[in-house]
Amino acid sequence: MKKTINLRSLAAQTLERVVEQGQSLSNLLPTAQKNLSDKDSALLQEICFGVLRTLPLLETAIQQLMSRPLTGKQRTLHFLIMVGLYQLVYTRIPPHAALAETVEGAAVLKRQQFKGLVNGVLRQFQRQQETLLPELEAGPQRFLHPAWLLKRLQLAWPEQWQQIVEANNQRPPMWLRVNRQHHSREQWLALLQESGNNATPHPLYPDALMLESPTSVGQLPGFDRGWVTVQDASAQGCVTYLAPQNGEHILDLCAAPGGKTTHILEAAPEASVMAVDVDAQRLKRVYENLQRLNMQADVKQGDGRFPDQWCGETLFDRILLDAPCSATGVIRRHPDIKWLRRDRDIVELAALQREILDAIWPRLKSGGTLVYATCSVLPEENHLQIEQFLARHADAEHIPLAEGPHLGLQSFPHPQGGDGFFYAKLIKK
């Protein structure tokens with residue numbers, strides 16, 4: 001008989017590696033899901049995402065329920081208790097099943113002697129839940145963000161910070177990009193409706209549709225034939241503002257995993273596109289996306305700060321720079337970002353962005369277009385970065401994308417909209 005896998009212990013181990021060791025959930029989860037059924041894989045993802053989304057509240061609950069924290073070799077049990085608490089508060093899993101599986105997780109982790117402790121803490125929470133939960137949801141931990149990030153958001157966006165935080169704490173909608181080389185958005189939407197699903201078009205981005213309820217890609221008409229791609233609406237905005245044309249030589253810099261590379265080729269199939277990224281592992285995804293959509297691009301590994309190494313003297317008509325950033329606009333998709341990022345990272349990331357911008361600008365033809373984009377909501381990486389760039393480069397002209405007090409266009413994550421994103425369009429005089 002196939003050995004039953006205890007998902008709660010697997011979730012606890014995965015969460016410990018994220019929170020304590022600083023590893024990315026995006027890297028850990030596929031390995032953890034490898035031998036699981038679709039149903040178990042989905043549950044593991046729900047638990048891991050959910051615990052990371054609500055971490056401060058769960059941490060505070062444990063502090064109140066236990067006199068001493070679990071440390072050292074027993075630290076995994078701390079995360080196992082979190083897994084139990086998350087199930088009791090936020091899922092429809094029957095409490096008796098959540099308790100039994102979580103307590104059994106201690107034995108699977110070879111901590112048999114701690115089963116009583118795990119059971120006792122979770123049952124104590126059940127007894128106190130009606131009074132304890134409202135207290136927790138009224139305290140500072142209710143924002144579910146680290147203090148440094150909350151402070152930055154409040155300073156940068158005094159009127160919008162609560163909207164940003166609330167959106168970050170939600171599950172994201174599922175956005176699709178219709179491949180205009182096969183169908184118009186309206187044509188493909190009709191096929192989707194025939195399959196029993198429905199979606200809402202984005203008002204600004206011509207290929208974007210938001211599904212009424214998320215579904216597996218296997219349920220999407222023609223996904224295996226390249227008719228449609230899963231991509232957030234805000235990410236699709238990059239190509240709208242880039243406006244690629246057939247016959248042009250276009251650079252997609254920091255291109256992995258390739259969603260924007262393929263979108264450029266859908267919009268301008270006769271363009272010559274170079275896709276460059278520093279990460280060889282992530283470049284594999286670029287090749288996979290190109291293959292699924294039956295497209296060709298010149299894919300190269302390279303550091304954006306040193307274009308001589310990968311493009312020589314080549315000049316481009318258009319450059320899309322989706323710069324490395326804090327990813328504070330996509331927290332709802334990657335809740336581990338809240339716990340992997342540090343305040344000091346922002347200064348370092350802004351410096352890296354500045355280096356890449358200055359290095360790649362000479363590779364843009366006179367009269368050419370550069371679109372600078374980030375999935376961040378922090379000014380240092382966005383409009384302040386562009387202000388400083390324009391001060392350094394007299395041959396750069398900013399093209400407004402929207403009315404507002406700042407350069408560029410800043411979007412915020414919205415429960416029924418796209419992720420938080422920033423775009424700036426620059427023309428070389």
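Analyst: Ring pairs link Y205, Y241, F421 and Y423 into a cluster. Rings of Phe, Tyr and Trp (its six-membered ring) pair if their centres lie within 6.5 Å; planes under 30 degrees apart count as stacked, over 60 as edge-to-face and the rest as tilted. Bear in mind that this is a predicted model, where local features need pLDDT of at least 70, side-chain atom pairs count only at pLDDT 80 or more, and totals for chains, interfaces and linings use all residues. Residues are numbered from 1 along each chain as its sequence is written, and side-chain values use heavy atoms, with hydrogens and water left out.

User: How many aromatic pairs does a search of the whole structure find?

Analyst: The search covers the whole structure, and its count is 8. One of them joins F421 and Y423, at 5.6 Å centre to centre with 25 degrees between the planes, so the pair is stacked. The total asked for is 8 aromatic pairs.

User: Is R185 buried or exposed?

Analyst: Buried means under 20% relative accessible area, exposed over 50%, and partly exposed in between (1.4 Å probe, protein chains only). R185 has a relative accessible area of 14%, so R185 is buried.

User: Which residue's backbone oxygen does the side chain of R185 reach?

Analyst: Contact means heavy atoms within 4.5 Å, and beyond its neighbours within four places in sequence, R185 is in contact with residues including P201, H202 and Y205. At 3.2 Å, the backbone oxygen that the R185 side chain reaches belongs to H202.

Definitions and conventions
A polar contact is a pair of N or O atoms within 3.5 Å; within protein, one must be able to donate a hydrogen and the other to accept it, and residues adjacent in sequence count only if both atoms are side-chain atoms.
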